[in-house]
Amino acid sequence: MFYKTLLVLLTVLSIGFPQEQEPKFGQFRVNHEALEWTHDKEAHFAGSFGLYYLFTSKGMTKGNAVNTVVWLGLFKEYLDALIPWEKYGNWGGDGWSNADLVANFAGVGSAYIIDRLWE
(Lines give C-alpha, C1' and ligand atoms only; values in the text may rest on other atoms or scores of the structure.)
Protein backbone atom coordinates (compact mmCIF):
# COMPACT_ATOMS: atom_id res chain seq x y z
CA MET A 1 0.00 0.00 0.00
CA PHE A 2 2.87 2.36 0.81
CA TYR A 3 4.40 1.89 -2.66
CA LYS A 4 1.11 2.63 -4.42
CA THR A 5 0.59 5.76 -2.34
CA LEU A 6 4.15 6.92 -3.03
CA LEU A 7 3.75 6.29 -6.76
CA VAL A 8 0.51 8.29 -6.92
CA LEU A 9 2.07 11.12 -4.90
CA LEU A 10 5.15 11.28 -7.13
CA THR A 11 3.01 11.27 -10.26
CA VAL A 12 0.78 14.06 -8.97
CA LEU A 13 3.76 16.14 -7.87
CA SER A 14 5.43 15.75 -11.26
CA ILE A 15 2.64 17.60 -13.05
CA GLY A 16 3.07 21.31 -13.53
CA PHE A 17 6.73 21.96 -12.75
CA PRO A 18 7.96 25.06 -14.58
CA GLN A 19 10.19 24.59 -17.59
CA GLU A 20 13.16 26.83 -18.32
CA GLN A 21 14.80 27.46 -21.68
CA GLU A 22 18.16 25.97 -20.75
CA PRO A 23 18.02 22.78 -18.68
CA LYS A 24 20.18 22.65 -15.58
CA PHE A 25 21.53 19.71 -13.64
CA GLY A 26 19.29 18.94 -10.65
CA GLN A 27 16.31 20.94 -11.90
CA PHE A 28 13.24 18.73 -12.12
CA ARG A 29 11.91 18.68 -15.69
CA VAL A 30 8.69 17.15 -16.96
CA ASN A 31 8.22 15.77 -20.44
CA HIS A 32 4.57 16.34 -21.36
CA GLU A 33 4.45 13.80 -24.14
CA ALA A 34 1.44 11.87 -25.32
CA LEU A 35 1.24 8.14 -24.87
CA GLU A 36 2.31 7.13 -28.38
CA TRP A 37 3.85 3.75 -29.10
CA THR A 38 7.30 4.95 -30.19
CA HIS A 39 10.66 3.19 -30.05
CA ASP A 40 11.25 4.75 -26.63
CA LYS A 41 8.06 3.20 -25.26
CA GLU A 42 8.96 -0.13 -26.86
CA ALA A 43 12.32 0.02 -25.09
CA HIS A 44 10.67 0.74 -21.73
CA PHE A 45 8.17 -2.09 -22.26
CA ALA A 46 10.78 -4.62 -23.39
CA GLY A 47 13.26 -3.58 -20.71
CA SER A 48 10.75 -4.01 -17.90
CA PHE A 49 9.50 -7.27 -19.39
CA GLY A 50 13.04 -8.64 -19.67
CA LEU A 51 14.16 -7.45 -16.24
CA TYR A 52 11.26 -9.28 -14.63
CA TYR A 53 12.36 -12.55 -16.19
CA LEU A 54 16.01 -11.89 -15.42
CA PHE A 55 15.25 -11.37 -11.73
CA THR A 56 12.89 -14.36 -11.44
CA SER A 57 15.40 -16.61 -13.25
CA LYS A 58 18.00 -15.64 -10.64
CA GLY A 59 15.78 -16.80 -7.78
CA MET A 60 13.88 -13.63 -6.89
CA THR A 61 10.21 -14.11 -6.01
CA LYS A 62 7.66 -12.83 -8.50
CA GLY A 63 6.46 -10.11 -6.13
CA ASN A 64 9.96 -8.90 -5.39
CA ALA A 65 10.79 -8.92 -9.09
CA VAL A 66 7.78 -6.73 -9.88
CA ASN A 67 8.66 -4.32 -7.06
CA THR A 68 12.29 -4.13 -8.14
CA VAL A 69 11.41 -3.44 -11.78
CA VAL A 70 8.90 -0.75 -10.76
CA TRP A 71 11.46 0.96 -8.52
CA LEU A 72 14.12 0.78 -11.23
CA GLY A 73 11.68 2.43 -13.65
CA LEU A 74 10.96 5.20 -11.15
CA PHE A 75 14.68 5.69 -10.55
CA LYS A 76 15.32 5.97 -14.29
CA GLU A 77 12.57 8.58 -14.63
CA TYR A 78 14.12 10.61 -11.79
CA LEU A 79 17.45 10.50 -13.62
CA ASP A 80 15.67 11.67 -16.77
CA ALA A 81 14.00 14.47 -14.82
CA LEU A 82 17.10 15.74 -13.03
CA ILE A 83 19.91 15.20 -15.56
CA PRO A 84 19.46 16.94 -18.93
CA TRP A 85 20.52 14.79 -21.88
CA GLU A 86 21.49 17.94 -23.78
CA LYS A 87 24.54 18.29 -21.53
CA TYR A 88 25.16 14.81 -20.12
CA GLY A 89 24.12 12.48 -22.95
CA ASN A 90 22.71 9.04 -22.18
CA TRP A 91 23.03 9.51 -18.43
CA GLY A 92 20.06 11.86 -18.52
CA GLY A 93 16.81 12.35 -20.30
CA ASP A 94 14.31 14.89 -21.46
CA GLY A 95 12.28 14.98 -18.26
CA TRP A 96 9.91 12.93 -16.14
CA SER A 97 7.58 11.00 -18.42
CA ASN A 98 4.37 9.43 -17.20
CA ALA A 99 4.10 7.75 -20.61
CA ASP A 100 7.42 5.98 -20.00
CA LEU A 101 6.13 4.76 -16.65
CA VAL A 102 2.97 3.42 -18.28
CA ALA A 103 5.14 1.47 -20.73
CA ASN A 104 7.25 0.16 -17.81
CA PHE A 105 4.16 -0.95 -15.89
CA ALA A 106 2.69 -2.56 -19.01
CA GLY A 107 5.93 -4.49 -19.59
CA VAL A 108 6.34 -5.83 -16.08
CA GLY A 109 2.59 -6.44 -15.78
CA SER A 110 2.55 -8.45 -19.01
CA ALA A 111 5.53 -10.50 -17.89
CA TYR A 112 3.89 -11.20 -14.53
CA ILE A 113 0.60 -12.25 -16.12
CA ILE A 114 2.33 -14.50 -18.64
CA ASP A 115 4.40 -16.01 -15.84
CA ARG A 116 1.29 -16.72 -13.79
CA LEU A 117 -0.57 -18.22 -16.76
CA TRP A 118 2.43 -20.39 -17.65
CA GLU A 119 2.30 -22.23 -14.29
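Author: Gladly! Contact here means heavy atoms within 4.5 Å. Please keep in mind that this is a predicted model.

Two packed helices are described by the angle between their axes and the distance between the axes. Take helix 2 (residues 39-57) and helix 5 (residues 98-118): their axes come within 7 Å and cross at roughly 40 degrees. Angles under 35 degrees count as roughly parallel and those of 65 to 115 as roughly perpendicular, so helix 2 is oblique to helix 5. The crossing of these two helices is right-handed.

Now for the residues that meet. Helix 2 brings D40, K41, H44, F45, S48, F49, Y52, Y53 and T56. Their partners in helix 5 are A99, D100, A103, N104, A106, G107, V108, S110, A111, Y112, I114 and D115. By type, the residues of this contact are 11 nonpolar, 6 polar and 4 charged.

Let us stay with helix 5. The buried residues of helix 5 are A99, D100, L101, A103, N104, G107, V108, A111 and D115. Helix 2 and helix 3 (62-82) are included in what covers them.

To finish, zoom in on N104, which sits in helix 5. Buried means under 20% relative accessible area, and N104 has 6%, so N104 is buried. Beyond its neighbours within four places in sequence, N104 is in contact with H44, S48 and G73.

How values were computed: Residues numbered from 1 in each chain as written. Predicted model: local features only at pLDDT ≥ 70, side-chain atom pairs only at ≥ 80, totals over all residues. Heavy atoms only, no water. Axes fitted to C-alpha atoms, helices over the stretch in contact; angles between N-to-C directions. Helix = DSSP H or I, 4+ residues; strand = E, 2+ residues; numbered from the N terminus. Parallel < 35°, antiparallel > 145°, perpendicular 65-115°, else oblique. Left-handed = near helix turned anticlockwise from the far one by under 90°. Nonpolar A, V, L, I, M, F, W, Y, C, P; charged D, E, K, R; others polar. Buried < 20%, exposed > 50% of the residue type's maximum accessible area, 1.4 Å probe, protein only.
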